[in-house]
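Notebook open, model loaded. I want to go through the strands, then the domains, then the charged pairs.

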Amino acid sequence: MEKTMQLTLKVWRQKDATSDGSFEEYQLDNISEGSSFLEMMDILSEKLVAEGREPVAFDHDCREGICGMCSMTIDGIPHGPENATTTCQLHMRHFHDGQTITIEPWRAKPFPVVKDLVVDRSAFDRIIQSGGFITGRAGSAVDANAIPIEKQTADHAMDAAACIGCGACVAVCPNASAMLFTSAKLTHMNSLPQGRAEKDRRTLAMVSTMDGEGFGGCTNTGECQAVCPKSISLDMIAQLNRDYTVAQTKNFFQPVL
Ligand code: FES
């Protein structure tokens, strides 16, 4: 028989971007261990609405670990206690009856709180806009093997492309660095022949935008890799640093139009 649990939730409530926020405490009974974390949050919101109170605002979309929207810090860890797992894929069986769970939004200056647990991550969009594209004609889909690519290279690019842009790497970093995210976005394009034409310009532009958005520098604490739900490796940051050094050396910079 499926077990149920009683929980105490300490949830960050904040009316809007300019208001001060604070934790509010809620009790939930009969939460099934088979529920997902977001289903548990839905039950909380239904309870609050039934009591005539404001439900908790939180981001979510796919609930399948694909979109990167479900940004919550659970007991101090972005996406909670399970390795390589987004909040939406986290299940209540990883918690225990009587547990107190603290739930906060991402804490980073470039991700201002919009309301409760929702933060504005458009800084990530602007990093991608500054260089995350190729200028070659894409046309219609070509045969998968039209451009031969070594398996090792293709795998490396695919590993980088697994980044869902959730921002957990920034939220956990003491410097609020976006190096893991930016390096993943750069690596998946810089590694492939289709993306090499703009490699230097892309690298300089995306790093420049990242710095301009107020993200901090990387000091190799490695926490980003530890909490990344897609297991993006610090190797990507090493590649970014190599690509950046080469691009700077070539003094290649031209503004991306
Ligand atoms: S809701 Fe899409 S990754 Fe969690």
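Predicted model: local features only at pLDDT ≥ 70, side-chain atom pairs only at ≥ 80, totals over all residues.

**Entry 1: strand pairing around E1.** E1 and strand E5 (residues 100-104) run parallel, with 4 bridges between them. I picked out Lys10, which sits opposite Thr102 in E5.

Next I looked up the pairing with E2. Strand E2 (residues 22-32) runs antiparallel to E1, and 9 bridges join the two. I noted two facing pairs here: Trp12 is opposite Phe23 in E2, and Met5 is opposite Ile31 in E2.

Is E1 mostly covered or mostly open? Mostly covered: of the 10 residues in E1 (residues 4-13), 7 are buried.

**Entry 2: the sheet.** I then traced the strand order. It reads E2-E1-E5-E3-E4, 5 strands in an open sheet with mixed pairing. Which strands stand at the edges? E2 and strand E4 (77-78) do, and each has a single partner strand, so one side of each has no neighbour in the sheet. As a reminder to myself, side chains in a regular strand alternate between the two faces of the sheet.

**Entry 3: a loop residue.** I stopped at Asp20, in the loop between E1 and E2. Its relative accessibility is 73%, so Asp20 counts as exposed. I also checked Asp20 against Val119: they are 99 residues apart in sequence, and their C-alpha atoms are 14 Å apart in space.

**Entry 4: two domains.** The domain assignment gives me domain 1 (4-115) and domain 2 (121-249). Their C-alpha centres are 29 Å apart. I find 19 residues of domain 1 and 21 residues of domain 2 in the contact.

How much area is buried between domain 1 and domain 2? About 1,400 Å², with carbon and sulfur atoms giving 64% of that. On the domain 1 side, I wrote down Pro78, Pro110 and Phe111: they supply 38% of the area that domain 1 buries against domain 2, more than any other three residues.

For polar links between domain 1 and domain 2, I get 5 residue pairs in polar contact and 1 salt bridge.

**Entry 5: salt bridges.** Side chains of opposite charge can pair when their charged atoms come close. I searched the whole structure and got 12 salt bridges. Here are the ones I looked at.

- Asp116 and Arg13 form a salt bridge, with the closest N and O atoms 3.1 Å apart. This pair links distant parts of the chain, 103 residues apart: Arg13 is in strand E1, and Asp116 is in the loop between strand E6 (113-115) and strand E7 (118-119). Both Asp116 and Arg13 are buried.
- Arg107 and Glu104 also form one, with their closest N and O atoms 3.1 Å apart. Are the two partners buried or exposed? Arg107 is partly exposed, because its relative accessibility is 37%, while Glu104 has a relative accessible area of 18% and is buried.
- Arg202 and Glu198 meet through their side chains at 3.3 Å, N to O. Arg202 and Glu198 are buried.
- Arg121 and Asp59 make a salt bridge between their side chains at 3.5 Å, N to O.

Methods: Residues numbered from 1 in each chain as written. Heavy atoms only, no water. Buried < 20%, exposed > 50% of the residue type's maximum accessible area, 1.4 Å probe, protein only. Pairing = 2+ DSSP bridges. Domains from an automatic or database assignment. Contact = heavy atoms within 4.5 Å. Buried area = accessible area lost by both parts, 1.4 Å probe. Salt bridge = Lys/Arg side-chain N within 4 Å of Asp/Glu carboxyl O. Polar contact = N/O pair within 3.5 Å; in protein donor to acceptor, adjacent residues only side chain to side chain.
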